[in-house]
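The sequence and coordinates follow, and the text then works through them.

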Amino acid sequence: MSDASHARVTLAQVAVGSAIAAFLVVFLIAPILTVIYVAFADGSGGFTLSHFASFFQITLMRESFANSLYVAGMTVLVTSLIGVPLAYFTVRFRFRGAAIIQTLGVLPLIMPAFVGASAMQLLFGRSGSLNLLLMEAFDFSLPLMEGLNGVIFVESLHYFPFILLNLSVALANIDTAMEEAAQNLGASGWRLFRRIVFPLALPGYVAGASLVFIKVFDDLGTQIGRAHV
C-alpha cells in the first residue's frame with residue numbers, strides 16, 4: 001500500500017472516529033451532564049440538594065422510589081436464578097437443544113414490555129387461562145400476577161436474557177487451564193463452580209445484572225400493560 005493510500009485510510013478512520021465521538025458527546029454525554037447539573041443547581045446556578053429533599057418529603061414519591069428499588073432488586077435475584085443455570089449448562093455441557101435454548105433465550109428481549117405484560121396477565125392473571133384451568137380442576141389459583149410480585153414475575157421473564165447472554169460469553173471465554181489446575185488440586189462440582197468458574201465469569205454476570213436492574217428500575221411499560229388488561 002502506498003503512503004498516499006495509507007494516509008487516506010488514516011484520515012478516513014480519523015473522520016469516522018471523530019463523527020462517532022461527536023455523536024456521543026451531543027446525544028449521550030451532554031444530556032447526562034445537563035440532567036446532573038439541573039439536579040444539583042438552584043435558580044441562581046449554585047449548588048443545592050433541595051430538589052432531593054422536596055422529592056423525599058412527598059410520601060407518594062418515597063413509596064414509589066422504595067417500590068422501584070424493591071422490584072429491581074428482586075428481579076435481579078429471580079433473573080439470576082433463571083439465567084445463571086441456563087448459561088452454565090448450555091455453555092459447559094454438550095447436549096441436543098443447547099443452541100435452541102440460547103436462541104429462544106433472546107426472544108423475550110424482542111417483545112415490547114407492554115405486550116409481554118398484557119400477555120402474561122391474560123395467561124397467569126387472576127382470570128387468566130392458567131388460573132381458570134386450576135380453579136376448574138383443583139379449586140385453587142396461583143397469585144402470580146398480584147401486586148409487586150406480578151411486576152417482578154413479568155420483569156424476570158422479560159429481562160433474564162441479559163444475564164443469560166452476558167454470562168454465557170464470560171463462561172465461554174474462561175481459560176480452561178485454570179479449571180484443570182483447580183481439578184488437579186481436588187476441586188470439583190459445586191466447589192469448582194463457586195471458587196473458580198463463577199468468580200472468573202463474574203464480570204459478565206455483573207454486566208448482565210446491572211442491565212437488568214437499570215432496565216427494570218426505569219420500566220413503565222410493564223406496569224401499564226398490567227393495568228390495562
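In which helix is Ser80 found? Ser80 lies in helix H3, which spans residues 59-92. The model is a predicted one.

The relative accessible area of Ser80 is 10%. Because buried means under 20% relative accessible area, Ser80 counts as buried. Its side chain reaches the backbone oxygen of Val76 at a distance of 2.6 Å. When neighbours within four places in sequence are set aside, Ser80 is in contact with Pro85, Ile163 and Tyr205.

Thr59 is also placed in helix H3. Is Thr59 buried, partly exposed or exposed? Thr59 counts as partly exposed, with a relative accessibility of 41%. This value falls in the middle class because buried means under 20% and exposed means over 50%. From Thr59 to Thr79 there are 20 residues in sequence, and the C-alpha to C-alpha distance is 30 Å.

**Two helix pairs**

Two packed helices are described by the angle between their axes and the distance between those axes. The values for two pairs are tabulated here.

| Pair | Angle between axes | Distance between axes |
|---|---|---|
| H3 and H8 (residues 147-172) | about 40° | 6 Å |
| H9 (residues 176-184) and H10 (residues 189-200) | about 165° | 11 Å |

How are H9 and H10 oriented to each other? At an angle of about 165°, H9 is roughly antiparallel to H10, because angles over 145 degrees count as roughly antiparallel. The crossing of this pair, H9 and H10, is right-handed. On the H9 side the contact is made by Met178, Glu179, Ala182 and Gln183, and on the H10 side by Leu192, Ile196, Val197 and Leu200. Sorted by class, the contact of H9 with H10 has 6 nonpolar residues, 1 polar and 1 charged.

For H3 and H8 the angle is about 40°, and these two helices are therefore oblique to each other. The crossing in which H3 passes H8 is right-handed. The residues of the contact between H3 and H8 divide into 22 nonpolar, 8 polar and 2 charged.

**Recap**

H3, the helix in which Ser80 is found, packs with H8 at about 40°. H9 and H10 pack with their axes 11 Å apart and are roughly antiparallel.

Conventions:
Residues are numbered from 1 along each chain as its sequence is written. This is a predicted model: local features need pLDDT of at least 70, side-chain atom pairs count only at pLDDT 80 or more; totals for chains, interfaces and linings use all residues. Side-chain values use heavy atoms; hydrogens and water are left out. Axes are lines fitted to C-alpha atoms, for helices over the stretch in contact, and angles run from 0 to 180 degrees between N-to-C directions. Helices (H or I, at least four residues) and strands (E, at least two) are DSSP runs, numbered from the N terminus. Angles under 35 degrees count as roughly parallel, over 145 as roughly antiparallel, 65 to 115 as roughly perpendicular and the rest as oblique. A crossing is left-handed if the near helix is turned anticlockwise from the far one by less than a right angle, and right-handed if clockwise. Contact means heavy atoms within 4.5 Å. Ala, Val, Leu, Ile, Met, Phe, Trp, Tyr, Cys and Pro count as nonpolar, Asp, Glu, Lys and Arg as charged, and the others, Gly among them, as polar. Buried means under 20% relative accessible area, exposed over 50%, partly exposed in between (1.4 Å probe, protein chains only). A polar contact is a pair of N or O atoms within 3.5 Å; within protein, one must be able to donate a hydrogen and the other to accept it, and residues adjacent in sequence count only if both atoms are side-chain atoms.
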